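Visitor: I am new here. Please show me the structure, and then I will ask my questions.

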Amino acid sequence: MPYVDGFIVAVPKKNLEAYSRLSKKAGKIWREYGALDYREWVAEDVKVGKVTSFPRAVKLKPGETVVFAWITYKSRAQRDKINAKVMKDPRLNEMMDPKSKPPFDGKRMIYGGFESLVKV
């Protein structure tokens with residue numbers, strides 16, 4: 001059964017190009033280890049809700065935007081194996097090293113794994 005890791009993150013608009021470069025590198029690593037798909041999308045029509053919304057979830061600050069993304073796998077078991085390899089990959093660790101100043105605040109990233117519920 002297909003399985004998806006999803007996440008949202010706040011990215012300063014001035015850092016979108018750098019974030020995109022980092023994401024392309026990360027996506028290649030995930031795909032190299034067997035992920036079926038790696039996609040990231042930048043907010044275009046995302047309003048702040050009265051109670052909850054994507055901007056509220058990531059505590060969006062002025063000058064930032066929301067990025068919504070997912071990684072698709074054949075199964076939860078495949079996802080667990082792939083993520084274990086990705087997390088040990090020195091290329092990813094190098095990109096995410098706080099000393100290299102990643103182009104987003106990882107502390108405000110929201111992520112999780114999801115199994116399929118509906119496919120129409």
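Visitor: Of the contacts in the chain with a separation of 6 or more, what share is between residues 24 or more positions apart?

Guide: This is a predicted model: local features need pLDDT of at least 70, side-chain atom pairs count only at pLDDT 80 or more, and totals for chains, interfaces and linings use all residues. Residues are numbered from 1 along each chain as its sequence is written, and side-chain values use heavy atoms, without hydrogens and water. Contact means heavy atoms within 4.5 Å. Among contacts with a separation of 6 or more, residues 24 or more positions apart account for 80%.

Visitor: In what order do the elements of the chain run from the N terminus?

Guide: Helices (H or I, at least four residues) and strands (E, at least two) are DSSP runs, numbered from the N terminus. The chain has four helices and four strands. From the N terminus on, their order is β-α-β-α-β-α-α-β.

Visitor: Where is Asp37, and which side chain does its own side chain meet in a polar contact?

Guide: Asp37 is in strand β2, residues 37-42. Leaving aside neighbours within four places in sequence, Asp37 is in contact with Arg31, Trp70, Ile71 and Thr72. A polar contact is a pair of N or O atoms within 3.5 Å; within protein, one must be able to donate a hydrogen and the other to accept it, and residues adjacent in sequence count only if both atoms are side-chain atoms. At 3.0 Å, the polar contact of the Asp37 side chain is with the side chain of Arg39.

Visitor: What percentage of the 120 residues is buried?

Guide: Buried means under 20% relative accessible area, with a 1.4 Å probe and protein chains only. Of the 120 residues in the chain, the buried ones make up 36%.

Key. Buried < 20%, exposed > 50% of the residue type's maximum accessible area, 1.4 Å probe, protein only.
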